[in-house]
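Please look over the structure shown below before reading the notes that follow. They are grouped by topic and are meant to be read alongside the coordinates.

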Amino acid sequence: MKLKELERPAVQVWSPASLYPVYLATGTSAQQLDASFSTNGTLEIFEVDFRDPSMDLKQKGVLSALSRFHKLIWGSFDNGLLESSGVIAGGGDNGMLTLYNVTHILSSGKDPVIAQRQKHTGAVRALDFNPFQGNLLASGASNSEIFIWDLNNLSVPMTPGCKSQQPLEDIKALSWNRQVQHILSSAHPSGKAVVWDLRKNEPIIKVSDHSSRMHCSGLAWHPDIATQLVLCSEDDRLPVIQLWDLRFASSPLKVLESHSRGILSVSWSQADAELLLSSSKDNQILCWNLGNTEVVYKLPTQSSWCLDVQWCPRNPPVFSAASFDGWISLYSVMGRSWEVQHMVQADKISSSFSKGQPLPPLQVPEHVAQASLIPPLKKPPKWIRRPSGVSFAFGGKLVTFGLSSTPAQELPQPCSRLVFISQVITESEFLMRSLELQEALGSGNLMKYCQNKSQQALLPCEKMLWQFLKVTLEQDSRIKFLKLLGYNKDELLEKVTTWLKRDLGPAESPQPKKDNFNSNRQQVFCSQASKHTTEDASVSSAFFDELVPQNMTPWEIPITEDTDGLLSQALLLGELSSAVELCLKEERFADAIILAQAGGTDLLKRTQERYLAKRQTKISSLLSCVVQKNWKDLVCACSLRNWREALALLLTYSGPEKFPELCDMLGTRMEQEGGRALTSEATLCYVCSGNVERLVECWAKGHQASSPMALQDLIEKVMVLNRSLEPQQAPNGTSPGSTTTYRITQYANLLAAQGSLATAMSFLPNDCAQPPVQQLRDRLFHAQGSAVLGQQSPSFPFPRVVVGATTPFKETSSYRLGSQPSHQVPSPSSRPTDTFQPSLVMPLTPSHPIPCQSFRTKTISDYRIPEPQAIQPLPLGPGVRPGPQGNLQRKKLPEVFMPLAPITAPVRSFIPEPQRVLPSQTPISSVNHAPPGAPGELSLQQRQQPPSKMIERKALPPEHQSLKTSFEALLQRCSLSATDLKTKRKLDEAAQRLEGLYEKLCEGTLSPHVLAGLHEVARCVDAGSFEQSLAVHAQVVGYSSFSEVSSFMPILKAVLTIAHKLQG
């Protein structure tokens, strides 16, 4: 892609990588003349702004030069100045070497010329700054002259070696080694390159081509490997680029030969050592990958030679090209279409000719549009490749890759890259506590576990909660709950007894004799009054002697008109209700209660209500609740300061049916009205009621849900409470609520993130139908791999939806007969219930192949057509097994192939349809075939004849059944999508020839390598990646015996090619 362009017949050089913004310096070329034939020279500096969409460069500085330039080089020498932009060295005619201060050129201030030296005898065509010591400049000219200049002292340059070496020739290029600072190389027209060691001040090796046709025009050192360099030849007879390694200097390591004429320049990318630019007399600019010696980027053919190409040091994908037609162009190897630039140029022209009216759209010829396409690099360059990467995977796995610590030059080529998978554990205490909980649940010793947690608790509310949880596991839990609340029956009786003894003083002590006497009198009277006797009164003197003791005072029944008299009359007449009313009016409540007990339940209840309404004391409300058993009013009306007393009343008096509901009501009220202080205490109510859902909801209000340790505390309580409720639940149990499920799923995810997959799966409820639990269970199961072998796989939690299924054919185009068949396809409603009918929505297990019954297109005369009412599952011959029904797994085979890239798009029109028995299709290959010449329509008797005896063969092994399923399904989908008759015939032939493959699978004669390859091809087919399947196919064929695979591999490739074309 072209970025910028500049019309200048000039040589060029980029600013160093350390300098920003990016500049491009141009100097009038000594090898080119413009229309004026002027010999004056100009040095210009342009700013390259890649954010500017225009093609123009901004000129930032200009300077007239005394001569034109053969070579420009820009170094980062700053001479101790903080704001220095470096030094430009220019090589001109007559041995002139000029040094310019770039800062002065840009500022147009002081004289920018630092120095001019004319030591060389010819044109200075080779210049290079030392990358390690910016003050060292190497220059080369005619007569094998090489000078090393020190910019701190330009008086006397150093000359490496002896100039008397013969023959004398021009220096075409100089280059400092990129790894060793004292190594310099020079290129000569004779085809040799001389490597100089400046410490010894002599050449250490000479590299030359034995063909004697090399005419070196440039050289460059490898950016990373110190001993490797490239030479290019401008001789049209040998337009090659040679890669040499000085450790093996007898012949080049590699030779690049895609140019058709002599090569003028090369440039090695410092950002990616695999990329090399070259320009030649064939008007081409190529970018090579030195790893595999192929051209990875090619610019369209230019109109003239490109004399120089250079990579931009700061922006790796950008390079510049100076051509002989007087243009300097900037390109990017991240290629794309030139359509945008063409449109910009077209718009400029259109604006000049439009005259206010839009011009008709430009119709570009197709071959021109295709020629303007520049393909991008085939391989990502190093500067956009990740040197290292890290990614977290499910189960706490950390996948990392990175650069090797071994230097690049010491790595084997090609070198393997390692990917490391490690387990990351960040919550050690969390895992330890989870393991303790799992052990306690497994051993059943939860009471000891709760006891330890209670002892370890720091907060009183936390300690109380664990004590309550421990009681839930014991017998007589209500009595023990009361003890935890501070109410013990034994202690109460002892306190009452002590209190009574303390209040009973000597002055108030009753007289036992009187009490005994009155008691005896009452007992005797009552016992005698209750007897019915018929004895004569004359003989009852003894009776009266016993009835009335001698010392008893007679008592009277009042009959006055006061309260006592009215009360006596009511009692005499049996009006207990009126008697109770009189007692209540006179506030004789004890008498009223005693009389009401004799009057029945209703009278007692009314009397109690009247009493409680009149007597307002501190405990009247408590008495009312105990007597009337109105516990709901107690929960709703009692002071929350007495929540313990309210809970104790519920534990003492409430029945088992209402108790959980009343505890939940009390806990809810404590949450809503008690504030944060009572929210934590409300959990005790939920523990008593056994409401796990409300316990979790209450916990969430006062804890940070993202804290692993807080979540661990919750799960410990939930699991203990669930275990205590198991005896009271139904055999199938009850599913947890949504809030509990969410927290358990969150907890299991935390465990999985720490690598504890089996433990995480054990905490998930087995009977929960909520999607998050099912999805996590499925993921945990498959993430454990071989650890769950033998266990039943959970049902896949997502429905399978067939998207983009093609409409079933109403007619079949593969009939050999010209007329339409008389047999009609039966509707689904007319099929028997036992006929296989795959649903459009069905569970799908990702680790198993999708079951589908494949069929093959046949002609009408190939087999007998059944009647609609006779459609039944076709009989299977000996050795023939039905297709897979969803639980078939591929056998684990040797891992030969690399993992495939994920498929991100479905194959259009390749989704298998629901199975239908069509006139030209049969789902199983064991159908009876009619003999040649048989009529297409047979009688009912012939149709109902049993199938003929089939040729017996071995059954297809279950581990290879998936191959047949995948390939037959592929044939089916291709048949449905193909439109031409030739393709259909090819598919029919493929179906027959693949039978040979199935026979080999039955016999077990294929090698493990071929089997692994076939399974990999099947996986690619199932995923819809036919291009990858063809690549795997080629690899299998390349490493297999021809006699082993020749019977089925060619036709399989043909099917894959057809599928790939239909997919595209």
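Strand β2, which spans residues 10-14, is mostly covered, with five of its five residues counted as buried.

**Strands β2 and β3**

- Strand β2 pairs with strand β3 (residues 23-28) in the antiparallel sense, and the pairing runs over five bridges.
- Within this pair, the residue that stands opposite Q12 is T26 in β3.

**The four-stranded open sheet**

- Strands β14, β15, β16 and β17 form an open sheet in the order β14-β15-β16-β17, and their pairing is antiparallel.
- The edges of this sheet are β14 (173-176) and β17 (202-208); each has a single partner strand, so one side of each is left without a neighbour in the sheet.
- From one strand to the next, the twist of this sheet averages 20°.
- The partner of β17 is strand β16 (residues 192-197), and the two are joined in the antiparallel sense over six bridges, with W196 standing opposite P203 in β17.
- In general, the strands of a sheet pair through backbone hydrogen bonds, in either a parallel or an antiparallel arrangement.

- R777 lies in helix α24, which covers residues 771-783.
- R777 counts as buried because its relative accessibility is 14%, and the cut-off for that class is under 20%.
- Apart from neighbours within four places in sequence, the residues in contact with R777 are M761, L764, P765, N766 and P794.

**The chain as a whole**

- The protein chain contains 31 helices and 35 strands, and 43% of its 1064 residues count as buried.
- Among the contacts between residues at least 6 apart in sequence, 59% join residues that are at least 24 apart.
- The protein chain exposes about 58500 Å², of which carbon and sulfur atoms supply 54%.

**Confidence of the prediction**

- The mean pLDDT of the protein chain is 75, and 73% of its residues reach 70 or more.
- Over residues 507-541 the pLDDT is below 50, and this stretch has 16 contacts in the model beyond near neighbours in sequence.
- Residues 806-951 likewise have a pLDDT that stays under 50, and for them the model has 226 contacts beyond four places in sequence.
- Where pLDDT is low, the predicted coordinates should not be read in detail.

Definitions and conventions
Residues are numbered from 1 along each chain as its sequence is written. This is a predicted model: local features need pLDDT of at least 70, side-chain atom pairs count only at pLDDT 80 or more; totals for chains, interfaces and linings use all residues. Side-chain values use heavy atoms; hydrogens and water are left out. Buried means under 20% relative accessible area, exposed over 50%, partly exposed in between (1.4 Å probe, protein chains only). Contact means heavy atoms within 4.5 Å. Accessible areas come from the Shrake-Rupley method with a 1.4 Å probe; for residues, only the protein chains shown count as cover. Two strands pair if DSSP finds at least two bridges between them. Axes are lines fitted to C-alpha atoms, for helices over the stretch in contact, and angles run from 0 to 180 degrees between N-to-C directions. pLDDT is the predictor's confidence in each residue, from 0 to 100.
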